[in-house]
Amino acid sequence: MNLSPEDVMRFHDECLAAPEWAKATPPRFGEGIWHFIELNHRYNNLLWDEEDQARRTDVPDAAIAANKRAIDGCNQKRNDAIERMDEIILSALSDIPRKQDARLNSETAGSMIDRLSIIALKIRAMGEQTRRKDAGPEHVERCGEKLARLKEQREDLAACLADLLAGCRAGNAFYKIYRQFKMYNDPTMNPCLYGGGKR
């Protein structure tokens, strides 16, 4: 599979450059790895917006409850997309023999792509803070320093993802999908749902 972190980062940034991208732009990819990269990025964007709104103090409690439920839904779909990315990547690598001393990576490639998506959102938001006209120079300077660290973090994470993918292609590295255990979303496992609110 020819998947590069540079292409992923470029795609993330292109999406976020479009106003209201996550809500207004139709999907570009209908299947395959890029479909799930796009889906993951979309739900991270929607999740970010809901998290912002959930911090409001000038709306009724019911509005915040609606935000919290939307957050749950977006988070579930975001995690579903991570698993699908990993399934596709591992399927593409399945014919490569693993060396006996291959290292087990604790984080999956899909999780790293998810983190790149979140960092892209942070970079966009922090960049907006550096351009605020209603904020003082100290605020702008602090945010500029944070923006530089976020960009460094993204480059480092992209390098780690490239290293993992190269290691998997060479049989020197591997990772596993452990599957989600979102017990709070499962009415058979969340005691507040099956036990009438009692743990």
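**Close-ups of a predicted model**

**View 1. Asp 86, a buried charge without a salt bridge.** Asp 86 is buried but makes no salt bridge, and Arg 179, the nearest side chain of opposite charge, sits 7.9 Å away. This is a predicted model, so keep that in mind as you look around. Asp 86 belongs to helix α4.

View 2. The side chains of Asp 86 and Thr 108 are joined by a polar contact of 2.7 Å. A polar atom of the Asp 86 side chain also lies 2.7 Å from the backbone nitrogen of Gly 110. Leaving out residues up to four places away in sequence, Asp 86 touches Thr 108, Ala 109, Gly 110, Ser 111, Tyr 175 and Ile 177.

**View 3. The largest nonpolar core.** This core has 39 residues, and the members that touch the most others are Ile 37, Ile 89 and Ile 113. Two or more residues come from each of α1 (5–17), α2 (21–24), α3 (32–53), α4 (61–92), α5 (109–130) and α6 (137–170). Helix α6 gives the largest share, 9 residues. In soluble globular proteins, nonpolar side chains tend to be buried together.

**View 4. Zooming in on Ile 113.** Which residues does Ile 113 touch, not counting those up to four places away in sequence? They are Leu 3, Val 8, His 12, Ile 37, Asn 40, Met 85, Ile 89 and Leu 161. Two of these, Ile 37 and Ile 89, we already met in the core.

**View 5. Glu 20, with a positive phi.** Glu 20 sits in the loop between α1 and α2. Its phi is near 55 degrees, a positive value in a residue other than glycine. Glu 20 is exposed, with a relative accessible area of 52%.

Definitions and conventions. Residues numbered from 1 in each chain as written. Predicted model: local features only at pLDDT ≥ 70, side-chain atom pairs only at ≥ 80, totals over all residues. Heavy atoms only, no water. Core = buried A, V, L, I, M, F, W, Y, C linked by side-chain atoms within 4.5 Å. Buried < 20%, exposed > 50% of the residue type's maximum accessible area, 1.4 Å probe, protein only. Helix = DSSP H or I, 4+ residues; strand = E, 2+ residues; numbered from the N terminus. Contact = heavy atoms within 4.5 Å. Lys, Arg positive; Asp, Glu negative; His and termini not counted. Salt bridge = Lys/Arg side-chain N within 4 Å of Asp/Glu carboxyl O. Polar contact = N/O pair within 3.5 Å; in protein donor to acceptor, adjacent residues only side chain to side chain.
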